[in-house]
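The sequence and the model are shown first.

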Amino acid sequence: MVTPLLFSPNLRGALFMVVAMSGFTLNDAITKVASESMNMAQVMLIRGAFASLFVGLLAWQRGALALPGSMLQPMVAIRVIGEAGATASFLIALAHLPIANVSAVLQALPLAVTMGAALVFKEGVGWRRWLAIAIGFAGVLIIVRPGFEGFSIYSLLALACVACCAVRDLATKRIPQAIPTLLVSTTTALAMTMLGAALLLPMGGWTPMTGESTAFLALAAVLVVIGYQFIIMAMRMGDISFIAPFRYTALLWSILLGLFVFGDVPDLPMILGASVIVGSGLYALYRERIVGRRKTAAESAGPDMAPDGI
């Protein structure tokens with residue numbers, strides 16, 4: 001009996017990846033809406049508290065909290081520091097830029113991780129992938145457009161987010177396998193909650209919240225948790241080289257949400273730059289498949305392409 005094409009492992013994995021990307025992007029949209037009535041430190045604090053609760057309960061239920069001392073492992077600490085910088089820069093950029101622009105810049109993350117893996121871990125990267133990296137970051141410059149009309153300093157924060165995420169992902173590769181993923185996620189969520197609390201006063205203090213705004217931030221945290229579960233399911237379902245490119249659907253979701261929720265119409269530089277970045281990323285994935293080195297951009301970079309500090 002032949003398995004129907006719809007139920008092949010690769011297509012199911014691709015569908016799970018699309019669902020994950022929609023969850024992450026909806027989370028971003030909700031966060032952006034919340035930033036209109038409160039500062040991003042408060043958003044980070046409340047959303048992080050809900051996420052810590054949800055992820056912590058899941059980690060406890062699966063026995064991942066049995067060795068809490070692992071939270072102090074050096075690579076876990078470096079990962080959390082990278083995540084802190086990524087989350088703060090991402091949220092501030094998201095509050096001031098169209099969601100599609102921020103998402104487009106973040107599509108350069110796999111290229112940044114590939115470059116970091118080559119420079120820090122001496123992983124083999126041929127001239128074709130180096131060229132793809134250079135072209136991809138040229139696409140970033142098209143979106144950021146430094147020195148031209150339409151440039152925003154907040155675009156540099158989106159680029160800083162990519163750099164911090166690369167540090168996070170490179171540190172993740174060096175975390176011992178014995179440390180459960182859910183323990184790392186719980187540590188990250190708790191750290192981001194504390195960072196939000198620390199930044200609350202410097203960023204304007206507490207704004208009274210309605211039940212509706214609290215519910216929205218709880219929903220945002222749930223969407224992130226769902227997104228990560230679907231990513232795990234996707235990456236375990238089929239071939240990584242087939243499934244990983246579907247993470248770029250995050251850009252499509254962000255354009256649609258930006259258009260219909262915030263009324264943001266993508267301009268020509270954003271569309272051109274995003275096309276260059278996605279094209280370069282897809283070519284880098286193709287080259288990794290050809291040479292048999294899939295880990296660099298397909299596995300080591302979080303497929304969500306955004307901070308997971310929730």
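The sections below treat the nonpolar cores, the nonpolar surface patch and the aromatic rings.

## Basis of the report

The structure is a predicted model.

## Nonpolar cores

In soluble globular proteins, nonpolar side chains tend to be buried together. Here, the largest nonpolar core has 60 residues. Within this core, Met 17, Met 21, Phe 90 and Ile 231 have the most contacts. Helix 1, which spans residues 9-34, supplies the largest share of the core, seven residues.

Another core, of nine residues, lies apart from the largest one. Val 76, Val 80, Ala 191 and Met 192 are among its members.

## Nonpolar surface patch

Nonpolar side chains also form a surface patch of about 760 Å². The residues that make this patch are Val 33, Leu 252, Trp 253, Leu 256, Leu 259, Phe 260, Val 261 and Val 265. Helix 11 (residues 249-261) contributes the largest share, six residues.

Leu 252, one of the patch residues, lies in helix 11. Its relative accessibility is 52%, and Leu 252 therefore counts as exposed, the cut-off being over 50%.

## Aromatic pairs

A pair of aromatic rings is described by the distance of the centres and the angle of the planes. The structure holds three aromatic pairs. In one of them, the ring centres of Phe 16 and Phe 230 are 5.6 Å apart and the planes meet at 65°, so the pair is edge-to-face.

Tyr 283 and Tyr 286 form a tilted pair, with 6.1 Å from centre to centre and 40° between the planes. Both residues lie in helix 12 (residues 268-291); because Tyr 283 and Tyr 286 are three residues apart there, about one helical turn separates them. Tyr 283 is partly exposed, with a relative accessible area of 33%, and Tyr 286 is also partly exposed, with 44%.

## Charges over rings

Two aromatic rings are described here together with a charged side chain. The charged end of Arg 174 sits over the ring of Phe 121, at 3.8 Å from the ring centre. The charged end of Lys 32 sits over the ring of Phe 262, at 5.6 Å from the centre of that ring.

Definitions and conventions
Residues numbered from 1 in each chain as written. Predicted model: local features only at pLDDT ≥ 70, side-chain atom pairs only at ≥ 80, totals over all residues. Heavy atoms only, no water. Patch = residues over 30% accessible without salt bridge, like charges linked within 9 Å, V, L, I, M, F, W, Y side chains within 5 Å. Areas by Shrake-Rupley, 256 points an atom, 1.4 Å probe, with all protein chains shown as cover. Salt bridge = Lys/Arg side-chain N within 4 Å of Asp/Glu carboxyl O. Helix = DSSP H or I, 4+ residues; strand = E, 2+ residues; numbered from the N terminus. Buried < 20%, exposed > 50% of the residue type's maximum accessible area, 1.4 Å probe, protein only. Core = buried A, V, L, I, M, F, W, Y, C linked by side-chain atoms within 4.5 Å. Phe/Tyr/Trp six-rings, centres within 6.5 Å; stacked < 30°, edge-to-face > 60°. Lys NZ or Arg CZ within 6 Å of the ring centre and 35° of its normal.
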